[in-house]
Amino acid sequence: MTTTETINIGRLHFRIRPWHSDSSIAHVAMAPGGGVPDTAEIAECLSRIRDLGYRSALTSAMDTAEGSAYRSLGFTERDRLRVMRHDLTDLDQLKGGDRASDYTCKRARKSDKPECLDIDSRAFEPFWRLDAGGLADAEAATPSRRFRVILDQKRVIGYAVTGRGGQQGFIQRLATDPDLQRRGVASLLVVDALRWCGRRHAREVFVNTQVSNVAATRLYEKLGFVTTPNDLVVLFWSGD
Ligand SMILES: CC(C)(COP(=O)(O)OP(=O)(O)OC[C@H]1O[C@@H](n2cnc3c(N)ncnc32)[C@H](O)[C@@H]1OP(=O)(O)O)[C@@H](O)C(=O)NCCC(=O)NCCS
């Protein structure tokens, strides 16, 4: 179970791959454009997931209404995400952190990625850590992307992956070294991401963050993001 598999059921294509932090869990994502699966289609998918050797399954983030067919089959809420939006106005007023001048913000090189993954593994709780494949997925999620690191001397202390598709931007991943938080590192990265989206004629930028993530919510609010009414849910099926 190391590769992505596609399970085709009627018009639907379920993409299945091992979850980053536990390869016994199937991460289930819908290929774009196929529609929303009904209960019978999800049940068929689960049966095939078992045949592939997985013991349990985790969905991608979806809106709460879409989750009802999954819930009727025993999926429960693993996490709830707040969707926050920035309208890209007043970018000139944004401050990128009081200590912004202490650090260098630059394009990530391939050789920076192990350090980014190390920060990721220390910044996020184990279940949500990314591996190299997950980071590559975050980079590939949109037609164009910006991958920035913050350096203190020559050491990577924070990173951000931002994507853009059409007039929408997305903060895909953001983390600061836990030993160096509350010094403006993430603010610098987010302001850089917003300005990049603005220069590329995006109209709005979105970020999803766990409702329990106070640090991230405060950070985004401070920089002008507003919470939308549309929470997303990530659902888990224990295989029982
Ligand atoms: C969220 C995170 C990226 C913030 O990084 P950071 O470099 O410490 O952020 P900054 O220093 O730029 O903080 C800017 C503001 O955000 C808010 N903030 C940051 N961390 C906070 C915390 N732990 N509690 C409350 N507010 C916090 C504050 O308003 C802060 O301004 P202040 O220090 O002047 O009060 C960092 O905590 C992290 O890596 N967390 C784990 C990964 C994560 O949650 N990523 C975001 C997922 S969407």
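What share of contacts in the protein between residues at least 6 apart in sequence join residues at least 24 apart?

1. The share is 70%, a contact being two residues with C-beta atoms, placed from the backbone, within 7 Å. This is a predicted model, in which local features need pLDDT of at least 70, side-chain atom pairs count only at pLDDT 80 or more, and totals for chains, interfaces and linings use all residues. Residues are numbered from 1 along each chain as its sequence is written.

2. The protein has six helices and 13 strands (DSSP runs numbered from the N terminus: H or I of at least four residues, E of at least two). Its radius of gyration, over C-alpha atoms, is 19 Å, close to the 18 Å of the globule rule for 240 residues, so the protein is as compact as a globular protein of that length. The rule is 2.2 Å times the number of residues to the power 0.38.

3. Of the 240 residues, 33% are buried (20 or more other C-beta atoms within 10 Å of a residue's own; 12 or fewer is exposed, in between partly exposed).

4. The largest nonpolar core holds 34 residues; such a core is a set of buried Ala, Val, Leu, Ile, Met, Phe, Trp, Tyr and Cys residues joined through C-beta atoms within 7 Å. H5 gives the largest share, nine residues. Beyond four places in sequence, Val190 touches Ile171, Leu174, Leu219 and Leu223. A second, separate core has 19 residues, among them Leu46 and Tyr70.

5. Thr39 lies in helix H1 (residues 39-51). Thr39 counts as partly exposed because it has 13 C-beta neighbours inside 10 Å.
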